[in-house]
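Student: I have not seen this structure before. Could we go through it step by step?

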Amino acid sequence: MKIIEVMRLPLSVDLSGFVHLLRRLQVPHRVSEEGEAQVLWAPDSLAENVRELYQRFPEGNADLELDAEPAVAGLPEKGPSLAEQARACKVTAGILLLCLIVAGITGLGENLSTLGWFTFLDFHVQGDYLYFNPLAQSLDQGQWWRLVSPMLLHFGVLHLAMNGLWYWELGKRIELRQGPWLLLGLTLLFSLVSNLAQHLSSGPSLFGGLSGVLYGLLGHIWLYQWLAPNRHFSLPKGVLVMMLVWLVVCLTGVVGQLGLGQIANAAHVGGLLIGCLTGLLGGALARRKLSA
């Protein structure tokens, strides 16, 4: 099954009602913005059904039953599977797959010889100590990937699982609304900024994980949704409050004192700030397009 372009409509057309109808009928789909147009994507096997459905109910105000409506007889009775969601959100799934691969290669941070391939600073082990090389030396040697690769490192199963779940929830929202290339660009940008912030704050040290990127995605969705509301970016208020409260708790140092490990607070703050900035800029541009 391939995901294809089903319809391309001006941004001035309100698709929210029709999209709600597709969700009610459990039709796999996504909507992306491309220039001055919005594009509706769906599986190729359902493309004709979706087009016909839109011709009959463009505002989505239909009280339909799947068993009684021949126009939608070909639609699935169940919602999209995890595999279908992954195919529709390739960048989100790809980043998570890379995290799993790196977790295996590095033994979740236990294998120092392979861990050094992905750390922000290259290092060598001498006795019981790690000695880090200057960042400029690594960059002179062409190791530019180190600026973003720490996001793929995780230290423990729980660390990987929690970050992976949150990246899936936040990343696919951005990919479905703004497209895969924007999500990839934001992920790399947020990783770069959060890694630099942590390095400048803590100096030569080991750190890694997607959490700086996650706070960037959160800030982006939060302020983008505030300026240009859309169902893809609608987050329960409890999620935002919980993550911000957790950030404040981590900043107090309580987590480290409880023996739960060191938290890369500068990476979290740096990610959140750059994410808020991109959310403000993107939301303002989207709002301007809608009001034009």
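Student: Among contacts in the protein chain with a separation of 6 or more, what percentage comes from residues 24 or more positions apart?

Tutor: Keep in mind that this is a predicted model. The protein chain has 12 helices and five strands. Counting contacts with a separation of 6 or more, the share from residues 24 or more positions apart is 73%.

Student: What percentage of the residues of the protein chain count as buried?

Tutor: Buried here stands for a relative accessible area under 20%. The protein chain has 292 residues, and the part of them that counts as buried is 48%.

Student: In what order do the three strands of the open sheet lie?

Tutor: Strand E1 (3–10) and strand E2 (30–34) are the edge strands, each pairing on one side only. The pairing in this open sheet is antiparallel. Neighbouring strands are turned against each other by 30° on average, direction ignored. The order is E1-E3-E2.

Student: Which residue in E3 is the bridge partner of Ile-4?

Tutor: Strand E3 covers residues 37–43 and pairs with E1 in the antiparallel sense, over seven bridges. For Ile-4, the bridge partner in E3 is Ala-42.

Student: How many residues lie between E4 and E5 in their hairpin?

Tutor: Strand E4 (residues 123–126) and strand E5 (residues 129–132) run antiparallel and are joined by four bridges. Gln-126 has Tyr-129 in E5 as its bridge partner. In the turn, Gly-127 has a positive phi of about 70°. The number of residues between the two strands of the hairpin is two.

Student: Are H8 and H9 parallel, perpendicular or oblique to each other?

Tutor: The axes of helix H8 (residues 180–202) and helix H9 (residues 211–227) come within 8 Å and cross at roughly 125°. Roughly perpendicular ends at 115 degrees and roughly antiparallel begins over 145, so an angle between these limits falls in the remaining class. H8 is therefore, relative to H9, oblique.

Student: How many polar residues are in the contact of H8 with H9?

Tutor: The crossing of these two helices, H8 and H9, is right-handed. On the H8 side are Leu-183, Leu-186, Thr-187, Phe-190, Ser-191 and Ser-194, which meet Gly-212, Val-213, Gly-216, Leu-217 and His-220 in H9. By class, this contact of H8 with H9 has five nonpolar residues and no charged ones, while the number of polar residues is six.

Student: Is the crossing of H9 and H10 left-handed or right-handed?

Tutor: H9 packs with helix H10 (residues 237–251) at an angle of about 135°, and their axes are 12 Å apart. The two helices H9 and H10 are therefore oblique to each other. Their crossing is left-handed.

Student: How many nonpolar residues does the contact of H9 with H10 have?

Tutor: H9 contributes Tyr-215, Leu-218 and Trp-222 to the contact, and H10 contributes Leu-240, Met-243, Leu-244, Trp-246 and Leu-247. The contact of H9 with H10 has no polar and no charged residues, and its count of nonpolar residues is eight.

Student: Is Gln-198 buried or exposed?

Tutor: Gln-198 is found in helix H8. Leaving out residues up to four places away in sequence, Gln-198 touches Gly-203, Phe-207, Ala-264, Asn-265, Ala-266 and Ala-267. The relative accessible area of Gln-198 is 8%, so Gln-198 counts as buried.

Conventions
Residues are numbered from 1 along each chain as its sequence is written. This is a predicted model: local features need pLDDT of at least 70, side-chain atom pairs count only at pLDDT 80 or more; totals for chains, interfaces and linings use all residues. Side-chain values use heavy atoms; hydrogens and water are left out. Two strands pair if DSSP finds at least two bridges between them. Axes are lines fitted to C-alpha atoms, for helices over the stretch in contact, and angles run from 0 to 180 degrees between N-to-C directions. Angles under 35 degrees count as roughly parallel, over 145 as roughly antiparallel, 65 to 115 as roughly perpendicular and the rest as oblique. A crossing is left-handed if the near helix is turned anticlockwise from the far one by less than a right angle, and right-handed if clockwise. Contact means heavy atoms within 4.5 Å. Ala, Val, Leu, Ile, Met, Phe, Trp, Tyr, Cys and Pro count as nonpolar, Asp, Glu, Lys and Arg as charged, and the others, Gly among them, as polar. Buried means under 20% relative accessible area, exposed over 50%, partly exposed in between (1.4 Å probe, protein chains only).
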